[in-house]
Structures are given as C-alpha cells and as structure tokens.
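Open the model in your viewer and keep the selection panel at hand.

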Amino acid sequence: MKTYNLLCVIESSSPSPPPSSLTADDFVNHFEKKVDDIRSSFAKSSDTAGPAHTALPCALTSFSPLSPDEISRLVTAGRPTTCPLDPIPSSLLQTISGDLLPYLTSLINSSLTAGYVPSVFKRARVAPLLKKPTLDPSDVNNYRPVSLLSFLSKTLERAVLGQLSCYLSQNDLLDPNQSGFKTGHSTETALLCVTEALRTAKANSLSSALILLDLSAAFDTVNHQILLSTLSELGISGAAHAWIASYLTGRSYQVAWREAVSAPRALTTGVPQGSVLGPLLFSLYTKSLGSVISSHGLSYHCYADDTQLIFSFPPSDNQVANRISACLADISVWMTDHHLKLNLGKTELLFLPGKDCPFHDLAITVDNSLVSSSQSAKNLGVILDNTLSFSTNIKAVTRS
C-alpha cells in the first residue's frame with residue numbers, strides 16, 4: 001500500500017462518507033488483518049538485519065531541553081490540525097498558548113530528558129478514506145486508513161525532529177538519494193533528479209529502464225527491534241534511544257466511522273502514519289537498501305517508501321534483463337530480512353530508448369513474478385511516458 005502522509009484532518013464540514021453497510025469494526029478488522037497477513041510471512045525471520053556496523057565517532061545520547069520561546073514557536077508554527085483526541089481545537093490552543101507556556105514547556109522537556117513518551121500521546125484515531133470516488137463504497141478493500149494524532153503529540157515530535165535531523169545532517173548520516181522530508185527537498189526535487197538522469201542518458205544515446213518499486217503497507221510493518229538496532233548503529237543511544245523506543249512501543253488506535261468508534265487495537269509494529277517522525281524513521285530504516293541497489297550498478301532515488309531504480313545502458317548490452325532481475329532478487333531478500341513486503345505485481349517498469357536507439361520489449365522475472373515494461377507509469381503523482389514528452393500527464397491533468 002502506498003504511504004499517504006496526510007497531515008490534514010477531516011473537518012466537520014467535510015462531505016459525509018458514501019453510503020454503505022460497513023461498520024467501524026469491519027474497518028479495524030480489515031486493517032489489522034492486512035498487516036497481520038504480511039507479518040506472518042516474516043514469522044520465522046530474525047529481528048536483526050545483518051551484522052552491526054563499526055561504531056561511529058559521533059553520538060546522540062540525549063535530547064536537549066527547549067526554552068519557553070522555542071516551545072512557543074513550535075506550538076504556534078504548527079499547522080492547527082485538530083484531531084478528535086484533542087480536548088480543545090488546536091487553533092484555540094495556539095491562541096492561548098502564552099498562558100499555558102509553563103505547563104507546555106514542563107511537559108515537553110520532561111519527556112525529552114526522561115526518554116519517555118506519555119501513553120496519552122501514543123493514541124491514534126483512524127478515519128477510513130475511499131481511495132477513489134468511483135470505487136464501490138461497500139467494499140472495505142477500497143479504503144485507506146488516515147491516521148489522526150493529537151496536536152500536542154505532534155508538537156513533541158517536532159521538538160525531537162529538529163534535534164534528530166540536525167544530528168543526522170551534521171554527521172552526514174542521511175542518504176543523499178532520499179528526498180523524503182528533508183529541508184529543501186520534495187517530490188518535485190525527486191522527480192527532477194530522476195527525469196534529468198533519464199534525459200541525460202537519452203542524449204548520450206543510452207537506453208534506460210526505470211523501475212518503480214511498490215511496497216505493501218510499508219510503514220505498518222517496520223520491525224521495531226530492527227529499527228532500534230539501526231538507530232544504535234547511527235550513534236543514537238542513551239536517553240535519546242530510550243525516547244524513540246518509548247515512542248514506538250505501547251501505541252494503539254481506534255477506527256472512527258460515522259458515529260461509531262471501534263475498540264482500541266494495539267500497534268506492535270510500524271511507524272505511525274500521519275506522524276511527524278514516522279517518515280524520517282522509515283528513511284533511516286531503509287537506508288542500507290541503497291548499497292544493495294548500487295552493488296548491481298543501478299542508480300536510485302527515493303521519496304519515503306517510493307523507490308525509483310534507474311539503469312542506463314548502450315543498445316549493445318544484452319544482459320540488461322539479467323542484471324535488473326538479479327538486483328530485484330537481492331532487493332526482495334533485503335525486504336524480507338527487514339520485514340517489508342515487495343509487491344512485484346504492482347511494481348512498474350518503463351523502458352526509455354536512447355537517441356537513435358530502437359524500442360524493444362523488456363520483461364523481468366523475479367521470484368516467479370513477471371514485471372513487464374509499459375508505455376507510461378505514474379511516479380509521485382506524475383505520469384512519465386517512454387519518450388519523456390509528458391504528453392500523457394498533460395492530457396490527464398487537463399481532463400481533471
């Protein structure tokens with residue numbers, strides 16, 4: 001399932017959900033079963049992914065307390081997205097935050113220094129959202145879960161995000177080929193990077209294959225022990241490590257549908273969707289995937305869980321399919337070791353012939369699944385065609 005990090009909430013003025021006989025329990029059972037089915041395939045796997053790396057000279061052992069002014073800026077600068085779990089509208093909280101500043105400062109700094117996240121901040125309210133308006137609203141499979149978190153819990157996450165991002169950037173620990181949730185980066189920069197690589201290859205009379213990997217419920221199946229081990233390898237320890245461990249564990253969610261709310265369900269895996277920290281933690285979790293891809297001579301670029309592989313080659317290369325197949329096979333092994341499910345059935349392949357190079361069909365077989373090339377593919381919301389003319393995307397935009 002694609003990850004949809006929807007930071008906005010469904011306001012009371014939003015349209016009513018389409019008519020159906022579904023209940024809140026139907027949704028919570030479906031969402032839980034989907035993750036459990038994926039997790040069951042990793043039941044015999046170890047909770048450690050490969051040998052530990054050499055200890056780094058840098059370390060992040062604790063998060064520093066923030067001044068009242070810094071807390072005030074975090075509260076007032078955040079988007080006022082009100083969650084049903086919030087006791088008052090977040091816009092009102094921002095308005096009166098000056099009067100509450102001593103309490104808010106004590107609450108956030110106590111959490112940072114103690115390495116502990118209050119349990120009330122680890123609850124989520126999930127709203128089912130129909131994937132497309134044309135889909136059958138009575139089929140539970142046609143909905144995606146939109147996770148809503150309390151405003152103060154996300155404020156606490158922002159306090160950690162700033163310090164964690166600073167540590168990772170200063171010590172060059174972020175994947176340079178990851179555009180997700182990095183300052184100065186966006187889906188636009190990711191698309192520019194990929195299309196420029198394809199355009200340059202074509203200008204140099206090289207053909208290219210663009211492979212768009214698809215993961216099933218990627219954020220929801222992240223293994224906490226593997227993630228925490230990965231963070232330790234990045235030099236995160238002490239109270240900082242304890243805070244993230246507390247943040248990940250003991251989480252729960254309820255599904256709200258119409259006027260009903262399901263019973264709480266525990267979250268024993270995954271990073272919270274709709275959260276502030278979740279996307280960064282997922283990026284760190286998958287950082288070592290880059291070395292697997294590079295070892296096969298392919299380049300790549302990521303945006304959160306969207307991974308784009310690029311392989312450019314001269315027309316005389318007759319081992320293209322074998323090399324891509326070998327790379328995807330190793331990626332599949334890496335995914336299994338990290339409790340992520342690669343969905344080859346939805347993975348897309350686009351063949352782009354170089355200048356004065358002929359078109360030809362390209363098909364890749366991996367784990368008894370066939371990935372065939374197509375004339376166009378949707379990447380981060382933009383339809384790319386095999387000539388890079390963008391005509392297909394322009395037609396789709398004008399129609400909508």
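How much area do domain 1 and domain 2 bury between them, and what share of it is on carbon and sulfur atoms? In this predicted model, the two domains bury about 1,000 Å² between them, with 66% of that area on carbon and sulfur atoms.

To see the two parts, select 24-44 + 51-175 + 219-274 for domain 1, then 187-216 + 286-398 for domain 2. Give each its own colour. Their centres, taken over C-alpha atoms, are 31 Å apart.

Next, go to the interface. Contact involves 10 residues of domain 1 and 10 residues of domain 2. On the domain 1 side, select Phe42, Asp175 and Ile226: these lose the most area to domain 2, and together they make up 47% of what that side buries.

The side of domain 1 that touches domain 2 consists of 7 nonpolar, 2 polar and 1 charged residues. Salt bridges between the two domains number 0.

Last, select the cysteines. How many disulfides are there? The count is 0. Centre on Cys327: the nearest cysteine sulfur belongs to Cys302 and lies 12 Å away, whereas a disulfide requires sulfur atoms within 2.5 Å. Is Cys327 buried or exposed? Cys327 counts as buried because its relative accessibility is 0%. Finish at Cys83, which is also buried, at a relative accessible area of 2%.

Definitions and conventions
Residues numbered from 1 in each chain as written. Predicted model: local features only at pLDDT ≥ 70, side-chain atom pairs only at ≥ 80, totals over all residues. Heavy atoms only, no water. Domains from an automatic or database assignment. Contact = heavy atoms within 4.5 Å. Buried area = accessible area lost by both parts, 1.4 Å probe. Salt bridge = Lys/Arg side-chain N within 4 Å of Asp/Glu carboxyl O. Nonpolar A, V, L, I, M, F, W, Y, C, P; charged D, E, K, R; others polar. Buried < 20%, exposed > 50% of the residue type's maximum accessible area, 1.4 Å probe, protein only.
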